[in-house]
Amino acid sequence: MRELISKPAVATPAAERPRRLRANPALRDLVRETRLDPRQLIAPLFVINGRAQRQEISSLKGYHRLTPDLALREAHRFAELGIGGVLLFGIPETKDAEGSGADDPRGPVPETLRLLRREGLPLALAADVCLCEYTSHGHCGVLDGEKIDNDASLPRLASAAVAYAEAGADIIGPSAMMDGQVAALRASLDGAGFTGTAAMAYSSKHASCFYGPFREAAGSTPRFGDRKSYQMDPANVREAMREMDLDAGEGADILMVKPAITSLDLLAQARQRFDLSLAAYQVSGEAAMIEAAAEKGWVDRRRAILETLTAIVRAGAGIVITYFAADTATWLREDR
Ligand code: PBG
């Protein structure tokens, strides 16, 4: 005899029944705690100089580099869908060591901003401020030998921010992860009279593998080394809070984390700790993972997108930058 097999006990009925409120779609809708709204979404846009040109970006499905006239057309579509804003990234015709194209008032970002501003669309106009799209070496700052020179990069970044504010940006997004960049940009903006231009700081920006498709889009893969001497180690949470504290102290209006899905705990902590607006960037590699799995039939594309965006908002993001902004806005409208 090994052991006594007891008869199943008479089950006590459940005392708590959370399933009551899951019984039908109306009940589930009623108690849903997190709702997505197209107005909280920002769509990235990659812009180039010229007219009537679109270049495919093979690793970012449905995305193209657009000339300002076509970017304007795309912005119209976003506005009609009720999307909150656009975030511009420029890809210049030529790159050099200093990233001279970054603050060129004739560069693709200022050209597009002027066009969008003139159109008066109900979109927040944001522009990423970094040197990596404009430098021949692909790093986010200027170099001193093979080192990234923090303080020499600040005036270059500040000058780009002023050029974008002049062209009509509502928000500038310093993303180079140079120490003191928010303060430097804020001082230059204020000095040039752009006290009303907001700063969305890429505060907790990880040295992540998930920027791969973006780097193809922007041609910004570093020619040597990596970005670990300036972007954050994804392992660190206290350091992320410190970065956010510093950016808040330097005058950031919005704090951002990226990638999004690997930073949910950071969002949740930041939501407790700061009263500033919080943003999360669902980056190109996160989008690519969903696209690739959906293409294989391994996940349902629409549900994967809505589920990840909902989790990002649930964790604490009020603003989400996502390549799926147009799709999501379309679905949210259908679901009404
Ligand atoms: C830097 C910048 C990057 C992204 C946004 N701003 C690239 C990088 O740091 O290498 C990545 C966004 C994405 O992957 O979608 N200018």
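This is a predicted model: local features need pLDDT of at least 70, side-chain atom pairs count only at pLDDT 80 or more; totals for chains, interfaces and linings use all residues.

Trainee: How is empty space found at all?
Mentor: A probe the size of a water molecule is rolled over the atoms, and this shows where empty space is left. In this model, the largest pocket holds about 690 Å³ of space.

Trainee: Which residues lie nearest the centre of the largest pocket?
Mentor: Arg 32, Leu 306, Thr 310, Leu 332 and Asp 335, out of 17 lining residues. Helix 1 (25-31) and helix 10 (301-315) each give at least two residues to that lining. Helix 10 has the largest share, with 6 residues. By class, the lining has 10 charged, 5 nonpolar and 2 polar residues.

Trainee: What is the volume of the second largest pocket?
Mentor: About 270 Å³. Its lining has 19 residues, and Lys 61, Gly 62, Tyr 63, Glu 74 and Arg 77 are nearest the centre. By class, 10 are nonpolar, 7 charged and 2 polar.

Trainee: Where does the ligand sit?
Mentor: In the largest cavity. Around the ligand are 18 residues, with Arg 215, Gln 231, Lys 258, Ser 284 and Tyr 323 coming nearest.

Trainee: Which side chain has an N or O atom 2.9 Å from a ligand oxygen?
Mentor: That of Lys 205. For ligand nitrogen, look at the side chains of Asp 128, at 3.3 Å, and Ser 175, also at 3.3 Å. Taken alone, the ligand exposes 410 Å², and the protein buries 100% of that.

Conventions: Residues are numbered from 1 along each chain as its sequence is written. Side-chain values use heavy atoms; hydrogens and water are left out. On a 1 Å grid over the protein atoms alone, a cavity is a set of points where a 1.4 Å probe fits but cannot get out, and a pocket is an open set with protein on both sides within 12 Å along at least five of seven lines; lining residues have an atom within 4 Å of a point. Grid points are joined across faces, edges and corners, and a volume is the space filled by probe spheres set on the points. Helices (H or I, at least four residues) and strands (E, at least two) are DSSP runs, numbered from the N terminus. Ala, Val, Leu, Ile, Met, Phe, Trp, Tyr, Cys and Pro count as nonpolar, Asp, Glu, Lys and Arg as charged, and the others, Gly among them, as polar. A residue is near a molecule or strand if one of its heavy atoms lies within 4 Å of it. A polar contact is a pair of N or O atoms within 3.5 Å; within protein, one must be able to donate a hydrogen and the other to accept it, and residues adjacent in sequence count only if both atoms are side-chain atoms. Accessible areas come from the Shrake-Rupley method with a 1.4 Å probe; for residues, only the protein chains shown count as cover. A molecule sits in a cavity or pocket if more than half of its atoms lie within 2 Å of its grid points.
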